Amino acid sequence: MALKSVFDASVIRAEFDKASINTRFIPLIWKYVIQNPDCDWEDIPSLPSSAYVLLRSKFRASTSVVDSVLESSDGVTTKLLIKLQNGAFVECVIMRYDTRLGKYNGKPRSGGPRSTLCISSQVGCKMGCTFCATGSMGFKSNLSSGEIVEQLVHASRLSTIRNVVFMGMGEPLNNYSALVDAIRVMTAFPFQLSPKRITVSTVGIIHAITKIHNDVPNVNLAVSLHAPVQEIRCQIMPAARAFPLERLMNALQEYQKKSQQKIFIEYIMLDGVNDEEQHAHQLGKLLDAFQVVVNLIPFNPIGSLSRFSTSNNQKVTTFQKILRDTYDIRTTVRKEMGQDISGACGQLVVNLPDKRSISSAAPLTDIEDLHKQ
Ligand SMILES: C[S@@+](CC[C@H](N)C(=O)[O-])C[C@H]1O[C@@H](n2cnc3c(N)ncnc32)[C@H](O)[C@@H]1O
Ligand code: SF4
(Lines give C-alpha, C1' and ligand atoms only; values in the text may rest on other atoms or scores of the structure.)
(Ligands and ions follow the chains in the order given, each with its own letter.)
Protein backbone atom coordinates (compact mmCIF):
# COMPACT_ATOMS: atom_id res chain seq x y z
CA MET A 1 0.00 0.00 0.00
CA ALA A 2 1.31 3.45 -0.94
CA LEU A 3 2.42 5.53 2.01
CA LYS A 4 0.33 8.65 2.67
CA SER A 5 1.50 12.23 2.92
CA VAL A 6 2.04 13.32 6.50
CA PHE A 7 0.30 16.56 5.47
CA ASP A 8 -2.91 14.66 4.68
CA ALA A 9 -4.63 16.03 7.77
CA SER A 10 -7.74 13.82 7.86
CA VAL A 11 -5.72 10.65 7.32
CA ILE A 12 -3.05 11.35 9.93
CA ARG A 13 -5.58 12.52 12.51
CA ALA A 14 -7.68 9.38 12.00
CA GLU A 15 -4.60 7.17 12.33
CA PHE A 16 -3.42 8.96 15.47
CA ASP A 17 -6.90 8.65 16.99
CA LYS A 18 -7.05 4.96 16.12
CA ALA A 19 -3.68 4.39 17.78
CA SER A 20 -4.65 6.59 20.77
CA ILE A 21 -1.81 9.02 20.09
CA ASN A 22 -2.41 12.64 21.01
CA THR A 23 -3.07 14.62 17.79
CA ARG A 24 -1.34 17.69 19.27
CA PHE A 25 1.92 16.11 18.05
CA ILE A 26 0.86 16.42 14.41
CA PRO A 27 1.61 20.15 13.89
CA LEU A 28 4.98 19.63 15.62
CA ILE A 29 5.76 16.85 13.15
CA TRP A 30 4.79 19.17 10.27
CA LYS A 31 7.06 21.91 11.59
CA TYR A 32 9.98 19.53 11.84
CA VAL A 33 9.44 18.16 8.33
CA ILE A 34 9.19 21.64 6.80
CA GLN A 35 12.49 22.62 8.36
CA ASN A 36 14.23 19.30 7.71
CA PRO A 37 13.32 18.08 4.22
CA ASP A 38 15.44 14.94 4.37
CA CYS A 39 14.66 13.88 7.90
CA ASP A 40 13.95 10.34 9.06
CA TRP A 41 11.04 9.90 11.41
CA GLU A 42 13.43 8.88 14.19
CA ASP A 43 15.11 12.32 13.98
CA ILE A 44 11.99 14.05 15.27
CA PRO A 45 12.47 14.56 19.00
CA SER A 46 10.04 13.80 21.82
CA LEU A 47 7.31 11.80 20.15
CA PRO A 48 5.68 8.83 21.86
CA SER A 49 7.20 5.56 20.63
CA SER A 50 3.88 4.48 19.10
CA ALA A 51 4.00 7.61 16.89
CA TYR A 52 7.33 6.54 15.37
CA VAL A 53 5.91 3.09 14.60
CA LEU A 54 2.83 4.60 12.97
CA LEU A 55 4.77 7.16 10.94
CA ARG A 56 7.16 4.48 9.67
CA SER A 57 4.40 2.13 8.58
CA LYS A 58 1.91 4.58 7.05
CA PHE A 59 3.40 7.97 6.18
CA ARG A 60 5.99 9.78 4.10
CA ALA A 61 7.37 13.22 4.89
CA SER A 62 6.73 14.07 1.25
CA THR A 63 4.87 12.08 -1.35
CA SER A 64 5.91 14.50 -4.11
CA VAL A 65 9.30 15.68 -5.32
CA VAL A 66 10.42 18.84 -7.06
CA ASP A 67 11.48 17.61 -10.49
CA SER A 68 12.74 20.97 -11.76
CA VAL A 69 12.74 24.68 -10.98
CA LEU A 70 12.50 27.35 -13.68
CA GLU A 71 13.17 31.06 -13.17
CA SER A 72 11.64 33.68 -15.43
CA SER A 73 14.18 35.96 -17.12
CA ASP A 74 13.15 38.92 -14.92
CA GLY A 75 13.55 36.82 -11.76
CA VAL A 76 10.04 37.63 -10.59
CA THR A 77 8.53 34.24 -11.20
CA THR A 78 9.67 30.75 -10.25
CA LYS A 79 7.90 27.68 -11.55
CA LEU A 80 8.21 24.36 -9.76
CA LEU A 81 7.51 21.19 -11.68
CA ILE A 82 6.40 18.64 -9.14
CA LYS A 83 6.23 14.88 -9.59
CA LEU A 84 3.45 13.17 -7.67
CA GLN A 85 3.47 9.68 -6.20
CA ASN A 86 1.37 8.34 -9.11
CA GLY A 87 3.95 9.59 -11.63
CA ALA A 88 1.87 12.56 -12.80
CA PHE A 89 3.22 16.10 -12.82
CA VAL A 90 1.75 19.38 -11.63
CA GLU A 91 3.17 22.83 -11.36
CA CYS A 92 3.05 25.63 -8.88
CA VAL A 93 4.34 29.13 -9.43
CA ILE A 94 5.91 31.60 -6.99
CA MET A 95 5.42 35.29 -7.75
CA ARG A 96 7.44 37.87 -5.85
CA TYR A 97 6.20 41.27 -4.90
CA ASP A 98 8.11 44.02 -3.16
CA THR A 99 6.01 45.78 -0.56
CA ARG A 100 8.37 48.70 -0.21
CA LEU A 101 8.46 49.43 -3.92
CA GLY A 102 4.77 48.70 -4.31
CA LYS A 103 5.45 46.61 -7.39
CA TYR A 104 6.89 43.36 -8.54
CA ASN A 105 10.64 43.33 -8.20
CA GLY A 106 13.09 41.55 -10.34
CA LYS A 107 15.50 40.21 -7.78
CA PRO A 108 15.89 36.49 -8.26
CA ARG A 109 14.97 34.45 -5.22
CA SER A 110 14.68 37.60 -3.13
CA GLY A 111 11.48 36.17 -1.71
CA GLY A 112 10.78 38.88 0.77
CA PRO A 113 7.66 39.12 2.79
CA ARG A 114 5.11 39.12 0.00
CA SER A 115 5.49 36.12 -2.27
CA THR A 116 2.35 34.60 -3.68
CA LEU A 117 2.07 30.93 -4.53
CA CYS A 118 -0.22 29.70 -7.26
CA ILE A 119 -1.25 26.13 -6.50
CA SER A 120 -2.70 23.24 -8.53
CA SER A 121 -5.60 21.19 -7.24
CA GLN A 122 -5.98 18.54 -9.96
CA VAL A 123 -3.99 16.88 -12.71
CA GLY A 124 -5.90 18.16 -15.74
CA CYS A 125 -9.49 19.37 -15.50
CA LYS A 126 -12.80 18.10 -16.77
CA MET A 127 -14.42 21.49 -17.30
CA GLY A 128 -13.01 21.90 -20.81
CA CYS A 129 -12.83 25.70 -21.07
CA THR A 130 -11.92 26.37 -24.69
CA PHE A 131 -9.18 28.90 -23.88
CA CYS A 132 -7.33 26.82 -21.26
CA ALA A 133 -4.51 24.34 -21.87
CA THR A 134 -5.38 22.38 -18.74
CA GLY A 135 -8.93 22.00 -20.02
CA SER A 136 -7.62 20.56 -23.28
CA MET A 137 -5.94 17.63 -21.53
CA GLY A 138 -9.10 16.43 -19.77
CA PHE A 139 -9.27 15.20 -16.20
CA LYS A 140 -6.53 12.86 -15.01
CA SER A 141 -6.70 12.77 -11.22
CA ASN A 142 -7.42 14.70 -8.05
CA LEU A 143 -4.60 15.80 -5.81
CA SER A 144 -4.83 14.62 -2.21
CA SER A 145 -4.93 17.34 0.43
CA GLY A 146 -1.37 16.31 1.34
CA GLU A 147 -0.21 16.83 -2.25
CA ILE A 148 -1.84 20.26 -2.27
CA VAL A 149 -0.13 21.26 1.00
CA GLU A 150 3.19 19.83 -0.17
CA GLN A 151 3.28 22.45 -2.96
CA LEU A 152 3.33 25.07 -0.20
CA VAL A 153 6.02 23.13 1.67
CA HIS A 154 8.25 22.92 -1.43
CA ALA A 155 7.72 26.60 -2.28
CA SER A 156 8.31 27.73 1.32
CA ARG A 157 11.82 26.37 1.09
CA LEU A 158 12.53 28.86 -1.73
CA SER A 159 10.49 31.87 -0.67
CA THR A 160 8.45 33.20 2.20
CA ILE A 161 4.91 32.60 1.01
CA ARG A 162 2.36 35.13 2.22
CA ASN A 163 -0.49 34.46 -0.21
CA VAL A 164 -1.88 31.36 -1.81
CA VAL A 165 -4.12 31.34 -4.88
CA PHE A 166 -5.83 28.20 -6.18
CA MET A 167 -5.41 29.24 -9.80
CA GLY A 168 -3.09 26.53 -11.06
CA MET A 169 -4.11 23.34 -12.79
CA GLY A 170 -7.60 22.08 -12.14
CA GLU A 171 -10.91 23.16 -10.72
CA PRO A 172 -10.47 23.35 -6.94
CA LEU A 173 -14.20 23.08 -6.18
CA ASN A 174 -14.28 19.76 -8.08
CA ASN A 175 -11.85 18.44 -5.45
CA TYR A 176 -13.73 19.96 -2.56
CA SER A 177 -12.87 17.86 0.49
CA ALA A 178 -9.13 17.84 -0.31
CA LEU A 179 -9.28 21.60 -0.90
CA VAL A 180 -10.99 22.26 2.44
CA ASP A 181 -8.61 19.95 4.33
CA ALA A 182 -5.61 21.63 2.69
CA ILE A 183 -6.83 25.14 3.51
CA ARG A 184 -7.43 24.14 7.13
CA VAL A 185 -3.83 22.90 7.36
CA MET A 186 -2.48 26.04 5.66
CA THR A 187 -4.26 28.31 8.12
CA ALA A 188 -3.16 26.31 11.20
CA PHE A 189 0.22 25.94 12.93
CA PRO A 190 2.91 25.91 11.63
CA PHE A 191 1.87 27.56 8.33
CA GLN A 192 -0.54 30.05 9.87
CA LEU A 193 -1.54 31.75 6.64
CA SER A 194 -4.36 34.19 7.11
CA PRO A 195 -7.50 32.89 5.36
CA LYS A 196 -7.82 36.39 3.90
CA ARG A 197 -4.60 35.68 2.04
CA ILE A 198 -5.96 32.56 0.38
CA THR A 199 -8.03 32.80 -2.81
CA VAL A 200 -9.99 29.97 -4.38
CA SER A 201 -10.73 30.49 -8.06
CA THR A 202 -13.63 28.60 -9.61
CA VAL A 203 -15.35 28.23 -12.92
CA GLY A 204 -18.59 28.41 -10.91
CA ILE A 205 -19.45 25.10 -9.22
CA ILE A 206 -22.72 26.21 -7.67
CA HIS A 207 -23.24 23.54 -4.99
CA ALA A 208 -19.73 24.16 -3.63
CA ILE A 209 -20.02 27.96 -3.70
CA THR A 210 -23.01 27.74 -1.39
CA LYS A 211 -21.06 25.90 1.31
CA ILE A 212 -17.47 27.11 1.06
CA HIS A 213 -17.97 30.02 3.45
CA ASN A 214 -19.19 27.66 6.19
CA ASP A 215 -16.30 25.26 5.69
CA VAL A 216 -13.42 27.72 5.34
CA PRO A 217 -14.62 31.16 6.46
CA ASN A 218 -12.88 34.32 5.26
CA VAL A 219 -11.12 32.68 2.34
CA ASN A 220 -11.51 34.80 -0.85
CA LEU A 221 -13.64 33.59 -3.71
CA ALA A 222 -12.69 34.39 -7.31
CA VAL A 223 -15.17 33.47 -10.02
CA SER A 224 -14.07 32.93 -13.61
CA LEU A 225 -17.08 34.57 -15.21
CA HIS A 226 -15.60 35.51 -18.59
CA ALA A 227 -18.94 36.47 -20.18
CA PRO A 228 -21.89 38.61 -19.15
CA VAL A 229 -24.56 36.42 -20.77
CA GLN A 230 -25.31 32.70 -20.76
CA GLU A 231 -25.01 32.35 -24.54
CA ILE A 232 -21.37 33.52 -24.74
CA ARG A 233 -20.47 31.69 -21.56
CA CYS A 234 -21.74 28.43 -23.07
CA GLN A 235 -19.74 29.04 -26.26
CA ILE A 236 -16.43 29.36 -24.44
CA MET A 237 -17.05 27.37 -21.25
CA PRO A 238 -18.94 24.07 -21.58
CA ALA A 239 -19.41 24.01 -17.78
CA ALA A 240 -21.82 26.92 -18.14
CA ARG A 241 -24.46 24.50 -19.40
CA ALA A 242 -24.38 22.59 -16.11
CA PHE A 243 -24.04 25.78 -14.06
CA PRO A 244 -26.21 28.39 -15.82
CA LEU A 245 -25.43 32.05 -15.30
CA GLU A 246 -28.69 32.87 -13.56
CA ARG A 247 -28.27 30.12 -10.97
CA LEU A 248 -24.61 31.05 -10.55
CA MET A 249 -25.49 34.68 -9.81
CA ASN A 250 -28.13 33.55 -7.29
CA ALA A 251 -25.53 31.38 -5.56
CA LEU A 252 -23.09 34.31 -5.47
CA GLN A 253 -25.76 36.52 -3.97
CA GLU A 254 -26.36 33.95 -1.24
CA TYR A 255 -22.60 33.59 -0.70
CA GLN A 256 -22.13 37.34 -0.36
CA LYS A 257 -25.07 37.71 2.00
CA LYS A 258 -23.60 35.06 4.29
CA SER A 259 -19.92 35.96 4.02
CA GLN A 260 -20.13 39.74 3.64
CA GLN A 261 -16.99 39.38 1.51
CA LYS A 262 -16.11 40.95 -1.81
CA ILE A 263 -16.13 38.56 -4.74
CA PHE A 264 -13.36 38.70 -7.31
CA ILE A 265 -14.59 38.36 -10.87
CA GLU A 266 -12.13 37.10 -13.46
CA TYR A 267 -12.85 38.11 -17.05
CA ILE A 268 -10.56 36.90 -19.82
CA MET A 269 -10.45 39.39 -22.71
CA LEU A 270 -11.05 37.49 -25.96
CA ASP A 271 -10.90 39.51 -29.15
CA GLY A 272 -14.29 39.77 -30.85
CA VAL A 273 -15.94 37.36 -28.40
CA ASN A 274 -16.68 39.14 -25.12
CA ASP A 275 -14.80 42.43 -25.30
CA GLU A 276 -17.22 44.87 -26.97
CA GLU A 277 -18.70 47.90 -25.23
CA GLN A 278 -22.11 46.23 -25.06
CA HIS A 279 -20.52 43.35 -23.10
CA ALA A 280 -19.03 45.81 -20.60
CA HIS A 281 -22.50 47.34 -20.10
CA GLN A 282 -24.09 43.89 -19.72
CA LEU A 283 -21.42 42.95 -17.17
CA GLY A 284 -21.87 46.21 -15.29
CA LYS A 285 -25.62 45.59 -14.98
CA LEU A 286 -25.13 41.93 -14.03
CA LEU A 287 -22.80 42.89 -11.17
CA ASP A 288 -24.75 45.92 -10.06
CA ALA A 289 -26.08 44.38 -6.84
CA PHE A 290 -22.73 42.88 -5.82
CA GLN A 291 -19.60 43.98 -4.00
CA VAL A 292 -17.02 42.88 -6.53
CA VAL A 293 -13.60 43.58 -7.94
CA VAL A 294 -13.31 42.75 -11.63
CA ASN A 295 -9.97 41.54 -12.93
CA LEU A 296 -9.62 41.78 -16.72
CA ILE A 297 -7.21 39.07 -17.87
CA PRO A 298 -5.28 39.21 -21.14
CA PHE A 299 -5.63 35.90 -22.98
CA ASN A 300 -2.40 33.92 -22.86
CA PRO A 301 -1.80 32.10 -26.14
CA ILE A 302 -1.75 28.33 -25.86
CA GLY A 303 -0.40 27.50 -29.31
CA SER A 304 -2.73 25.70 -31.68
CA LEU A 305 -4.91 24.55 -28.79
CA SER A 306 -7.20 27.53 -28.99
CA ARG A 307 -8.72 29.72 -31.70
CA PHE A 308 -8.70 32.89 -29.58
CA SER A 309 -6.51 35.96 -29.49
CA THR A 310 -6.36 38.63 -26.84
CA SER A 311 -8.15 41.98 -27.08
CA ASN A 312 -6.06 45.00 -27.98
CA ASN A 313 -5.13 47.58 -25.32
CA GLN A 314 -7.69 50.08 -26.58
CA LYS A 315 -10.53 47.62 -26.09
CA VAL A 316 -9.31 46.62 -22.64
CA THR A 317 -9.03 50.27 -21.59
CA THR A 318 -12.52 51.09 -22.89
CA PHE A 319 -13.99 48.02 -21.16
CA GLN A 320 -12.32 48.98 -17.88
CA LYS A 321 -13.47 52.59 -18.19
CA ILE A 322 -17.11 51.61 -18.72
CA LEU A 323 -17.11 49.36 -15.66
CA ARG A 324 -15.40 51.99 -13.54
CA ASP A 325 -17.09 55.19 -14.72
CA THR A 326 -20.59 54.02 -15.56
CA TYR A 327 -21.04 51.27 -12.96
CA ASP A 328 -18.56 52.29 -10.27
CA ILE A 329 -17.00 48.83 -10.25
CA ARG A 330 -13.40 48.53 -9.17
CA THR A 331 -11.68 47.03 -12.22
CA THR A 332 -8.06 46.03 -12.58
CA VAL A 333 -6.14 44.66 -15.54
CA ARG A 334 -4.07 41.61 -14.72
CA LYS A 335 -0.33 41.77 -15.30
CA GLU A 336 0.69 38.54 -16.90
CA MET A 337 4.24 37.47 -16.27
CA GLY A 338 6.36 34.41 -16.59
CA GLN A 339 5.29 33.66 -20.14
CA ASP A 340 8.92 32.89 -20.98
CA ILE A 341 8.74 29.92 -18.60
CA SER A 342 5.18 29.09 -19.64
CA GLY A 343 4.02 30.08 -16.23
CA ALA A 344 1.11 32.29 -17.18
CA CYS A 345 -2.60 31.54 -16.80
CA GLY A 346 -3.78 28.36 -18.43
CA GLN A 347 -0.89 28.55 -20.76
CA LEU A 348 0.69 25.29 -21.53
CA VAL A 349 0.72 21.62 -22.04
CA VAL A 350 4.32 20.47 -22.01
CA ASN A 351 5.49 17.21 -23.43
CA LEU A 352 8.26 15.74 -21.35
CA PRO A 353 10.97 13.80 -23.20
CA ASP A 354 9.39 10.50 -22.24
CA LYS A 355 6.07 11.67 -23.68
CA ARG A 356 4.29 12.15 -20.37
CA SER A 357 2.12 15.16 -20.64
CA ILE A 358 2.02 17.89 -18.08
CA SER A 359 0.02 21.03 -17.99
CA SER A 360 0.30 24.29 -16.21
CA ALA A 361 -2.24 26.94 -15.54
CA ALA A 362 -0.53 29.34 -13.25
CA PRO A 363 -1.94 32.83 -13.23
CA LEU A 364 0.58 35.56 -12.79
CA THR A 365 -1.49 38.36 -11.54
CA ASP A 366 -1.46 41.45 -9.46
CA ILE A 367 -2.98 39.21 -6.84
CA GLU A 368 -1.25 41.21 -4.14
CA ASP A 369 -3.64 44.02 -4.96
CA LEU A 370 -6.44 41.54 -4.77
CA HIS A 371 -5.47 40.55 -1.23
CA LYS A 372 -5.23 44.16 -0.12
CA GLN A 373 -8.78 44.99 -1.15
C1 LIG B 1 -6.42 27.88 -14.78
S2 LIG B 1 -7.78 28.45 -13.86
C3 LIG B 1 -7.75 27.45 -12.41
C4 LIG B 1 -8.85 27.78 -11.43
C5 LIG B 1 -10.27 27.42 -11.85
N6 LIG B 1 -10.35 26.21 -12.54
C7 LIG B 1 -10.89 28.54 -12.66
O8 LIG B 1 -11.18 28.32 -13.83
O9 LIG B 1 -11.10 29.60 -12.09
C10 LIG B 1 -7.21 30.02 -13.23
C11 LIG B 1 -7.56 31.19 -14.13
O12 LIG B 1 -6.83 31.11 -15.34
C13 LIG B 1 -7.69 31.53 -16.39
N14 LIG B 1 -7.18 31.05 -17.68
C15 LIG B 1 -7.28 29.81 -18.21
N16 LIG B 1 -6.69 29.78 -19.42
C17 LIG B 1 -6.22 31.00 -19.67
C18 LIG B 1 -5.50 31.59 -20.75
N19 LIG B 1 -5.16 30.91 -21.82
N20 LIG B 1 -5.18 32.92 -20.65
C21 LIG B 1 -5.50 33.64 -19.56
N22 LIG B 1 -6.17 33.12 -18.50
C23 LIG B 1 -6.52 31.84 -18.56
C24 LIG B 1 -8.99 30.89 -15.97
O25 LIG B 1 -10.08 31.37 -16.68
C26 LIG B 1 -9.04 31.23 -14.50
O27 LIG B 1 -9.59 32.52 -14.31
S1 SF4 C 1 -10.03 27.49 -16.75
FE2 SF4 C 1 -10.18 26.40 -14.81
S3 SF4 C 1 -12.11 25.26 -15.00
FE4 SF4 C 1 -11.60 25.91 -17.05
S5 SF4 C 1 -10.51 24.16 -17.92
FE6 SF4 C 1 -8.96 25.58 -17.09
S7 SF4 C 1 -8.57 24.85 -15.03
FE8 SF4 C 1 -10.50 23.90 -15.72
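Where is the place of Pro-190? I found Pro-190 in the loop between helix H6 and strand E10 (198–202). I note at the outset that the model is a predicted one.

**Entry 1: the peptide bond at Pro-190**

I looked up the bond that joins Phe-189 and Pro-190 and recorded a cis peptide bond. Its omega is about 5 degrees.

**Entry 2: helices H5 and H6**

Two packed helices are described by the angle between their axes and the distance between the axes. For helix H5 (residues 145–156) and helix H6 (residues 176–186), I noted that the axes come within 8 Å and cross at roughly 40 degrees. H5 is therefore oblique to H6, since angles under 35 degrees count as roughly parallel and 65 to 115 as roughly perpendicular. I also recorded the crossing of H5 and H6 as right-handed.

Which residues of H5 and H6 meet? On the H5 side I listed Ser-145, Ile-148, Val-149 and Leu-152. On the H6 side I listed Ala-178, Asp-181, Ala-182, Val-185 and Met-186. By class, the contact of H5 with H6 consists of seven nonpolar residues, one polar and one charged.

**Entry 3: the sheet**

I then followed the strands. An open sheet holds 10 strands, and I wrote down their order as E3-E4-E5-E6-E9-E10-E11-E12-E13-E14. The pairing in this sheet is mixed. Strand E3 (65–71) and strand E14 (330–333) stand at the edges; each has a single partner strand, so one side of each is left without a neighbour in the sheet. From one strand to the next, the twist averages 25 degrees.

Within the sheet I examined one pair in detail. Strand E4 (residues 77–83) and strand E5 (residues 89–95) run antiparallel, and seven bridges join them. I saw that Leu-81 stands opposite Glu-91 in E5.

Which residues come nearest to ligand 2? Of the 13 residues around this ligand, I noted Cys-125, Met-127, Cys-129, Cys-132 and Gly-135 as those that come nearest. By class, I recorded six nonpolar, six polar and one charged residues in the shell around ligand 2.

Note on methods:
Residues numbered from 1 in each chain as written. Chains lettered and ligands numbered in written order. Predicted model: local features only at pLDDT ≥ 70, side-chain atom pairs only at ≥ 80, totals over all residues. Pairing = 2+ DSSP bridges. Helix = DSSP H or I, 4+ residues; strand = E, 2+ residues; numbered from the N terminus. Axes fitted to C-alpha atoms, helices over the stretch in contact; angles between N-to-C directions. Near = placed C-beta within 6 Å. Nonpolar A, V, L, I, M, F, W, Y, C, P; charged D, E, K, R; others polar. Parallel < 35°, antiparallel > 145°, perpendicular 65-115°, else oblique. Left-handed = near helix turned anticlockwise from the far one by under 90°. Contact = placed C-beta atoms within 7 Å.
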